[in-house]
Amino acid sequence: MRRTGIVWICVWLLGAGLILADVAAAQAPSAASIAIGGRLYDNWWKEGAGKAPTGDHPMWARQSTNKGKGATTWRCKECHGWDYRGKDGVYGSGSHFTGFPGITSVNARSVDQSLKMLTDPSHGFVSIVNGTHGTHLVNFLKHGLVDLSTVIDRKTKKPVKADEARGKQSFALCAGCHGPDGKLRNFGKPDDPEYVGTVARENPWEFVHKVRFGQPGSNPPMPSGIDLGWSLEDVLNILAYSQTLPEK
Ligand code: HEC
Ligand code: HEC
(Lines give C-alpha, C1' and ligand atoms only; values in the text may rest on other atoms or scores of the structure.)
(Ligands and ions follow the chains in the order given, each with its own letter.)
Protein backbone atom coordinates (compact mmCIF):
# COMPACT_ATOMS: atom_id res chain seq x y z
CA MET A 1 0.00 0.00 0.00
CA ARG A 2 2.72 2.45 1.05
CA ARG A 3 4.75 1.51 -1.99
CA THR A 4 1.97 2.27 -4.48
CA GLY A 5 1.48 5.60 -2.68
CA ILE A 6 5.11 6.53 -3.30
CA VAL A 7 4.87 5.42 -6.93
CA TRP A 8 1.84 7.66 -7.43
CA ILE A 9 3.62 10.61 -5.87
CA CYS A 10 6.53 10.01 -8.25
CA VAL A 11 4.21 9.86 -11.26
CA TRP A 12 2.52 13.04 -10.10
CA LEU A 13 5.86 14.86 -9.63
CA LEU A 14 7.02 13.72 -13.06
CA GLY A 15 3.80 15.00 -14.65
CA ALA A 16 4.07 18.35 -12.88
CA GLY A 17 7.70 18.59 -13.97
CA LEU A 18 6.77 17.99 -17.61
CA ILE A 19 4.05 20.65 -17.45
CA LEU A 20 6.50 23.16 -15.93
CA ALA A 21 9.09 22.34 -18.60
CA ASP A 22 6.40 22.93 -21.24
CA VAL A 23 5.53 26.33 -19.80
CA ALA A 24 9.23 27.28 -19.73
CA ALA A 25 9.65 26.18 -23.36
CA ALA A 26 6.63 28.24 -24.38
CA GLN A 27 8.09 31.29 -22.63
CA ALA A 28 11.60 31.05 -24.06
CA PRO A 29 11.55 31.47 -27.85
CA SER A 30 14.14 29.65 -29.93
CA ALA A 31 17.46 31.33 -30.67
CA ALA A 32 16.63 30.91 -34.36
CA SER A 33 13.47 33.02 -33.98
CA ILE A 34 15.27 35.75 -32.03
CA ALA A 35 17.97 35.78 -34.72
CA ILE A 36 15.43 36.21 -37.54
CA GLY A 37 13.91 39.07 -35.54
CA GLY A 38 17.35 40.67 -35.22
CA ARG A 39 17.87 40.45 -38.98
CA LEU A 40 14.41 41.94 -39.59
CA TYR A 41 15.41 44.86 -37.34
CA ASP A 42 18.52 45.31 -39.51
CA ASN A 43 16.73 45.10 -42.87
CA TRP A 44 13.30 43.45 -43.03
CA TRP A 45 12.89 43.31 -46.81
CA LYS A 46 16.30 41.66 -47.30
CA GLU A 47 15.17 39.13 -44.69
CA GLY A 48 12.15 38.32 -46.88
CA ALA A 49 9.38 40.29 -45.15
CA GLY A 50 8.05 42.11 -48.20
CA LYS A 51 9.31 44.45 -50.89
CA ALA A 52 11.66 47.36 -50.31
CA PRO A 53 9.48 50.49 -49.89
CA THR A 54 10.03 53.31 -52.36
CA GLY A 55 8.91 56.48 -50.56
CA ASP A 56 9.99 57.81 -47.16
CA HIS A 57 8.62 56.41 -43.91
CA PRO A 58 5.55 58.42 -42.70
CA MET A 59 7.38 59.53 -39.53
CA TRP A 60 10.45 60.68 -41.48
CA ALA A 61 9.01 64.16 -42.04
CA ARG A 62 9.01 64.70 -38.26
CA GLN A 63 12.75 65.33 -38.51
CA SER A 64 15.13 67.03 -40.96
CA THR A 65 18.59 66.20 -39.59
CA ASN A 66 19.02 62.72 -41.13
CA LYS A 67 19.16 63.23 -44.91
CA GLY A 68 18.51 59.57 -45.78
CA LYS A 69 15.75 58.88 -48.30
CA GLY A 70 13.49 56.07 -49.45
CA ALA A 71 13.91 52.49 -48.28
CA THR A 72 16.63 53.35 -45.72
CA THR A 73 14.10 55.38 -43.74
CA TRP A 74 12.10 52.17 -43.16
CA ARG A 75 14.89 50.21 -41.46
CA CYS A 76 14.23 49.87 -37.72
CA LYS A 77 17.91 50.50 -37.05
CA GLU A 78 17.87 53.82 -38.93
CA CYS A 79 15.52 55.33 -36.34
CA HIS A 80 16.38 53.32 -33.21
CA GLY A 81 20.10 52.64 -33.71
CA TRP A 82 22.44 49.65 -33.67
CA ASP A 83 22.69 50.14 -29.91
CA TYR A 84 18.86 50.26 -29.59
CA ARG A 85 19.11 53.60 -27.75
CA GLY A 86 18.00 56.03 -30.48
CA LYS A 87 18.74 59.65 -29.59
CA ASP A 88 20.19 58.59 -26.24
CA GLY A 89 22.82 56.45 -27.93
CA VAL A 90 25.29 56.61 -30.80
CA TYR A 91 22.71 58.11 -33.18
CA GLY A 92 22.33 61.01 -30.73
CA SER A 93 24.65 62.98 -33.02
CA GLY A 94 26.11 62.79 -36.52
CA SER A 95 24.52 62.13 -39.91
CA HIS A 96 22.11 59.50 -38.53
CA PHE A 97 20.62 61.80 -35.88
CA THR A 98 16.80 61.87 -35.99
CA GLY A 99 15.85 62.59 -32.38
CA PHE A 100 13.74 59.41 -32.35
CA PRO A 101 13.70 57.38 -29.12
CA GLY A 102 15.39 54.12 -28.22
CA ILE A 103 13.55 50.86 -27.71
CA THR A 104 15.22 49.64 -24.53
CA SER A 105 12.09 50.19 -22.45
CA VAL A 106 10.21 47.70 -24.63
CA ASN A 107 10.49 45.01 -21.95
CA ALA A 108 8.00 46.90 -19.85
CA ARG A 109 5.40 46.23 -22.56
CA SER A 110 3.47 43.06 -23.27
CA VAL A 111 3.84 41.23 -26.58
CA ASP A 112 0.39 42.47 -27.61
CA GLN A 113 1.25 46.07 -26.81
CA SER A 114 4.44 45.84 -28.89
CA LEU A 115 2.63 44.34 -31.88
CA LYS A 116 -0.07 46.99 -31.61
CA MET A 117 2.53 49.73 -31.59
CA LEU A 118 4.25 48.36 -34.69
CA THR A 119 0.99 48.18 -36.64
CA ASP A 120 -0.08 51.65 -35.51
CA PRO A 121 -0.50 53.89 -38.60
CA SER A 122 2.50 56.00 -37.55
CA HIS A 123 4.86 52.99 -37.61
CA GLY A 124 2.90 51.28 -40.39
CA PHE A 125 4.42 47.79 -40.22
CA VAL A 126 1.13 45.96 -40.71
CA SER A 127 2.28 43.58 -43.43
CA ILE A 128 5.39 42.50 -41.48
CA VAL A 129 3.55 41.90 -38.24
CA ASN A 130 0.66 40.01 -39.83
CA GLY A 131 2.91 37.12 -40.82
CA THR A 132 5.19 34.89 -38.74
CA HIS A 133 7.66 37.77 -38.98
CA GLY A 134 5.76 39.63 -36.25
CA THR A 135 6.50 36.86 -33.75
CA HIS A 136 10.21 36.84 -34.64
CA LEU A 137 10.40 40.62 -34.33
CA VAL A 138 8.74 40.61 -30.91
CA ASN A 139 10.95 37.72 -29.74
CA PHE A 140 13.96 39.81 -30.73
CA LEU A 141 12.61 42.91 -28.99
CA LYS A 142 11.85 41.02 -25.78
CA HIS A 143 14.81 38.62 -25.65
CA GLY A 144 17.49 39.86 -28.05
CA LEU A 145 18.29 43.38 -26.88
CA VAL A 146 21.46 43.97 -24.88
CA ASP A 147 22.88 47.10 -23.25
CA LEU A 148 26.00 47.95 -25.23
CA SER A 149 26.59 51.28 -23.49
CA THR A 150 28.40 49.60 -20.60
CA VAL A 151 30.49 47.14 -22.64
CA ILE A 152 31.72 49.31 -25.55
CA ASP A 153 33.59 52.54 -24.82
CA ARG A 154 31.83 55.25 -26.80
CA LYS A 155 35.04 57.29 -27.40
CA THR A 156 37.62 54.61 -28.22
CA LYS A 157 34.96 52.29 -29.77
CA LYS A 158 36.73 49.39 -28.05
CA PRO A 159 35.19 46.74 -25.84
CA VAL A 160 35.69 47.72 -22.20
CA LYS A 161 36.81 44.17 -21.39
CA ALA A 162 37.61 41.40 -23.87
CA ASP A 163 39.87 38.41 -24.47
CA GLU A 164 41.45 38.93 -27.88
CA ALA A 165 43.10 35.49 -27.93
CA ARG A 166 39.76 33.75 -27.48
CA GLY A 167 38.29 36.03 -30.13
CA LYS A 168 41.01 34.91 -32.52
CA GLN A 169 40.04 31.27 -31.93
CA SER A 170 36.37 31.97 -32.74
CA PHE A 171 37.37 34.01 -35.78
CA ALA A 172 38.40 30.74 -37.48
CA LEU A 173 34.69 30.36 -38.38
CA CYS A 174 34.52 33.85 -39.89
CA ALA A 175 37.76 33.27 -41.80
CA GLY A 176 36.03 30.52 -43.79
CA CYS A 177 33.98 33.22 -45.57
CA HIS A 178 35.87 36.46 -44.90
CA GLY A 179 39.45 35.20 -45.14
CA PRO A 180 42.00 35.08 -42.31
CA ASP A 181 42.51 38.87 -42.53
CA GLY A 182 38.79 39.62 -43.09
CA LYS A 183 39.47 41.04 -46.56
CA LEU A 184 37.99 38.36 -48.80
CA ARG A 185 34.63 40.17 -49.04
CA ASN A 186 34.46 43.87 -49.68
CA PHE A 187 31.20 45.45 -48.34
CA GLY A 188 32.17 48.85 -49.73
CA LYS A 189 33.28 49.97 -53.18
CA PRO A 190 36.37 48.82 -55.07
CA ASP A 191 38.07 52.21 -54.51
CA ASP A 192 36.62 52.67 -51.00
CA PRO A 193 36.71 49.20 -49.48
CA GLU A 194 35.03 48.12 -46.27
CA TYR A 195 36.10 44.89 -44.61
CA VAL A 196 35.43 43.06 -41.35
CA GLY A 197 38.27 45.12 -39.81
CA THR A 198 36.70 48.37 -41.05
CA VAL A 199 33.25 47.68 -39.59
CA ALA A 200 34.79 46.44 -36.30
CA ARG A 201 36.69 49.71 -35.81
CA GLU A 202 34.23 52.22 -37.25
CA ASN A 203 30.96 50.79 -36.01
CA PRO A 204 31.42 48.21 -33.22
CA TRP A 205 27.67 48.42 -32.39
CA GLU A 206 26.70 47.35 -35.91
CA PHE A 207 29.41 44.67 -35.78
CA VAL A 208 28.01 43.19 -32.55
CA HIS A 209 24.45 43.22 -33.93
CA LYS A 210 25.46 41.47 -37.16
CA VAL A 211 27.65 38.86 -35.45
CA ARG A 212 24.86 38.07 -32.94
CA PHE A 213 22.04 37.80 -35.49
CA GLY A 214 23.67 37.35 -38.92
CA GLN A 215 23.51 39.34 -42.15
CA PRO A 216 20.00 39.65 -43.70
CA GLY A 217 19.72 37.90 -47.05
CA SER A 218 23.45 37.23 -47.38
CA ASN A 219 24.68 34.56 -49.75
CA PRO A 220 26.04 32.26 -48.38
CA PRO A 221 23.99 32.90 -45.21
CA MET A 222 26.19 34.31 -42.45
CA PRO A 223 25.63 32.31 -39.24
CA SER A 224 24.06 33.94 -36.20
CA GLY A 225 26.14 33.96 -33.00
CA ILE A 226 23.16 33.46 -30.71
CA ASP A 227 22.15 30.47 -32.84
CA LEU A 228 25.64 29.07 -32.16
CA GLY A 229 25.13 29.62 -28.44
CA TRP A 230 27.58 32.52 -28.17
CA SER A 231 27.26 34.90 -25.24
CA LEU A 232 27.71 38.66 -25.58
CA GLU A 233 31.15 38.15 -24.03
CA ASP A 234 32.11 35.72 -26.83
CA VAL A 235 31.02 38.30 -29.43
CA LEU A 236 32.98 41.08 -27.72
CA ASN A 237 36.08 38.86 -27.84
CA ILE A 238 35.61 38.50 -31.61
CA LEU A 239 35.13 42.27 -31.85
CA ALA A 240 38.43 42.87 -30.03
CA TYR A 241 40.30 40.54 -32.37
CA SER A 242 38.58 41.93 -35.50
CA GLN A 243 39.70 45.44 -34.53
CA THR A 244 43.29 44.26 -35.09
CA LEU A 245 42.53 43.26 -38.71
CA PRO A 246 43.36 45.55 -41.66
CA GLU A 247 40.90 48.35 -42.41
CA LYS A 248 41.95 49.03 -46.00
C1 HEC B 1 11.04 56.42 -39.31
C2 HEC B 1 11.46 56.09 -37.99
C3 HEC B 1 11.10 54.78 -37.36
C4 HEC B 1 11.23 53.51 -37.91
C5 HEC B 1 11.73 53.12 -39.30
C6 HEC B 1 10.84 52.59 -36.89
N7 HEC B 1 10.46 53.27 -35.75
FE8 HEC B 1 9.95 52.47 -33.97
N9 HEC B 1 9.50 54.30 -33.24
C10 HEC B 1 9.70 55.49 -33.90
C11 HEC B 1 9.22 56.59 -33.07
C12 HEC B 1 9.23 58.06 -33.43
C13 HEC B 1 8.73 56.00 -31.88
C14 HEC B 1 8.09 56.70 -30.65
C15 HEC B 1 6.61 56.50 -30.66
C16 HEC B 1 5.90 57.41 -31.57
O17 HEC B 1 6.23 58.59 -31.64
O18 HEC B 1 4.95 56.94 -32.24
C19 HEC B 1 8.95 54.56 -32.02
C20 HEC B 1 8.67 53.63 -31.01
C21 HEC B 1 9.09 52.30 -31.06
C22 HEC B 1 9.05 51.40 -29.94
C23 HEC B 1 8.57 51.72 -28.54
C24 HEC B 1 9.64 52.36 -27.73
C25 HEC B 1 9.16 52.67 -26.34
O26 HEC B 1 9.70 52.14 -25.40
O27 HEC B 1 8.20 53.45 -26.23
C28 HEC B 1 9.50 50.17 -30.39
C29 HEC B 1 9.66 48.89 -29.59
C30 HEC B 1 9.81 50.33 -31.80
N31 HEC B 1 9.56 51.63 -32.16
C32 HEC B 1 10.27 49.31 -32.61
C33 HEC B 1 10.48 49.45 -33.99
C34 HEC B 1 10.77 48.34 -34.88
C35 HEC B 1 10.90 46.89 -34.48
C36 HEC B 1 10.90 48.88 -36.13
C37 HEC B 1 11.15 48.17 -37.45
C38 HEC B 1 10.19 47.16 -37.84
C39 HEC B 1 10.73 50.32 -36.00
N40 HEC B 1 10.45 50.63 -34.69
C41 HEC B 1 10.87 51.21 -37.04
C42 HEC B 1 10.27 55.64 -35.14
C43 HEC B 1 10.59 54.60 -36.01
C1 HEC C 1 29.01 31.30 -44.37
C2 HEC C 1 29.76 32.50 -44.67
C3 HEC C 1 29.97 33.54 -43.59
C4 HEC C 1 30.47 33.36 -42.31
C5 HEC C 1 30.91 32.06 -41.65
C6 HEC C 1 30.55 34.69 -41.73
N7 HEC C 1 30.10 35.64 -42.60
FE8 HEC C 1 30.05 37.64 -42.32
N9 HEC C 1 29.10 37.88 -44.08
C10 HEC C 1 28.92 36.90 -45.03
C11 HEC C 1 28.30 37.47 -46.20
C12 HEC C 1 27.95 36.73 -47.48
C13 HEC C 1 28.11 38.84 -45.92
C14 HEC C 1 27.52 39.92 -46.83
C15 HEC C 1 28.62 40.44 -47.69
C16 HEC C 1 28.22 41.51 -48.61
O17 HEC C 1 27.23 42.21 -48.36
O18 HEC C 1 28.95 41.71 -49.58
C19 HEC C 1 28.62 39.06 -44.56
C20 HEC C 1 28.62 40.28 -43.90
C21 HEC C 1 29.34 40.56 -42.75
C22 HEC C 1 29.45 41.86 -42.12
C23 HEC C 1 28.69 43.10 -42.46
C24 HEC C 1 29.00 43.87 -43.65
C25 HEC C 1 28.17 45.13 -43.75
O26 HEC C 1 28.66 46.18 -43.39
O27 HEC C 1 27.01 45.05 -44.18
C28 HEC C 1 30.29 41.71 -41.04
C29 HEC C 1 30.75 42.80 -40.08
C30 HEC C 1 30.65 40.32 -40.99
N31 HEC C 1 30.06 39.65 -42.02
C32 HEC C 1 31.47 39.77 -40.02
C33 HEC C 1 31.57 38.40 -39.79
C34 HEC C 1 32.20 37.82 -38.63
C35 HEC C 1 32.92 38.60 -37.54
C36 HEC C 1 32.02 36.47 -38.72
C37 HEC C 1 32.39 35.42 -37.72
C38 HEC C 1 31.77 35.54 -36.42
C39 HEC C 1 31.32 36.20 -39.97
N40 HEC C 1 31.04 37.40 -40.58
C41 HEC C 1 31.00 34.94 -40.44
C42 HEC C 1 29.24 35.57 -44.90
C43 HEC C 1 29.75 34.97 -43.75
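Glu-233 counts as partly exposed because 13 C-beta neighbours lie inside 10 Å; a residue is called buried if 20 or more other C-beta atoms lie within 10 Å of its own, exposed if 12 or fewer, and partly exposed in between, with C-beta atoms placed from the backbone. The model is predicted, and local features need pLDDT of at least 70, side-chain atom pairs count only at pLDDT 80 or more, and totals for chains, interfaces and linings use all residues. Residues are numbered from 1 along each chain as its sequence is written, while chains are lettered from A and ligands numbered from 1 in the order in which they are written.

The secondary structure of the chain consists of 10 helices and zero strands. Helices (H or I, at least four residues) and strands (E, at least two) are DSSP runs, numbered from the N terminus. From the N terminus on, the order of elements is α-α-α-α-α-α-α-α-α-α. The chain has 248 residues, of which 34% count as buried. Among contacts between residues at least 6 apart in sequence, 60% join residues at least 24 apart, two residues being in contact if their C-beta atoms, placed from the backbone, lie within 7 Å.

Glu-233 is found in helix H10. H10 as a whole is mostly covered, with nine of its 11 residues buried. These buried residues are Asp-234, Val-235, Leu-236, Asn-237, Ile-238, Leu-239, Ala-240, Tyr-241 and Ser-242. Their cover includes H7, H8 and H9.

Packed helix pairs were examined next. Two packed helices are described by the angle between their axes and the distance between the axes. For H7 and H10, the angle is about 90° and the axes are 7 Å apart; axes are lines fitted to C-alpha atoms, for helices over the stretch in contact, and angles run from 0 to 180 degrees between N-to-C directions. H7 and H10 are therefore roughly perpendicular to each other, on a scale in which angles under 35 degrees count as roughly parallel, over 145 as roughly antiparallel, 65 to 115 as roughly perpendicular and the rest as oblique. Glu-164, Arg-166, Gly-167, Lys-168, Ser-170 and Phe-171 of H7 make this contact with Asp-234, Asn-237, Ile-238, Ala-240, Tyr-241 and Ser-242 of H10. By class, the contact of H7 with H10 comprises four nonpolar, four polar and four charged residues. In this classification Ala, Val, Leu, Ile, Met, Phe, Trp, Tyr, Cys and Pro count as nonpolar, Asp, Glu, Lys and Arg as charged, and the others, Gly among them, as polar.

H4 and H6 pack at an angle of about 115°, and their axes are 10 Å apart. On the H4 side Val-111, Ser-114 and Leu-115 take part, and they meet Gly-134, Val-138, Leu-141 and Lys-142 in H6. The residues of the contact of H4 with H6 divide into four nonpolar, two polar and one charged.

Two ligands are surrounded by residues of the chain. A residue is assigned to a shell if its C-beta atom, placed from the backbone, lies within 6 Å of the molecule. Ligand 1 is surrounded by 24 residues, and the closest are His-57, Cys-76, Cys-79, Ile-103 and Ser-105. Helices H3 (76-80), H4 (111-119) and H6 (132-143) each supply at least two residues of this shell, and the largest share, four residues, comes from H3. The shell around ligand 1 has 16 nonpolar, seven polar and one charged residues.

Around ligand 2 there are 20 residues, the closest being Cys-174, Cys-177, Phe-187, Ser-218 and Met-222. Two or more residues of this shell come from each of H7 (164-178), H8 (196-202), H9 (204-213) and H10 (232-242). H7 gives the most, with five residues. By class, 12 residues of the shell around ligand 2 are nonpolar, six are polar and two are charged.

Most residues other than glycine have a negative phi, and most peptide bonds are trans. Tyr-84, in the loop between H3 and H4, has a positive phi near 65°. Tyr-84 counts as buried because it has 24 C-beta neighbours inside 10 Å. Lys-157, in the loop between H6 and H7, has a positive phi of about 60°. With 17 C-beta neighbours inside 10 Å, Lys-157 counts as partly exposed. The peptide bond from Asn-219 to Pro-220 is cis, with omega near 0°, and Pro-220 lies in the loop between H9 and H10.
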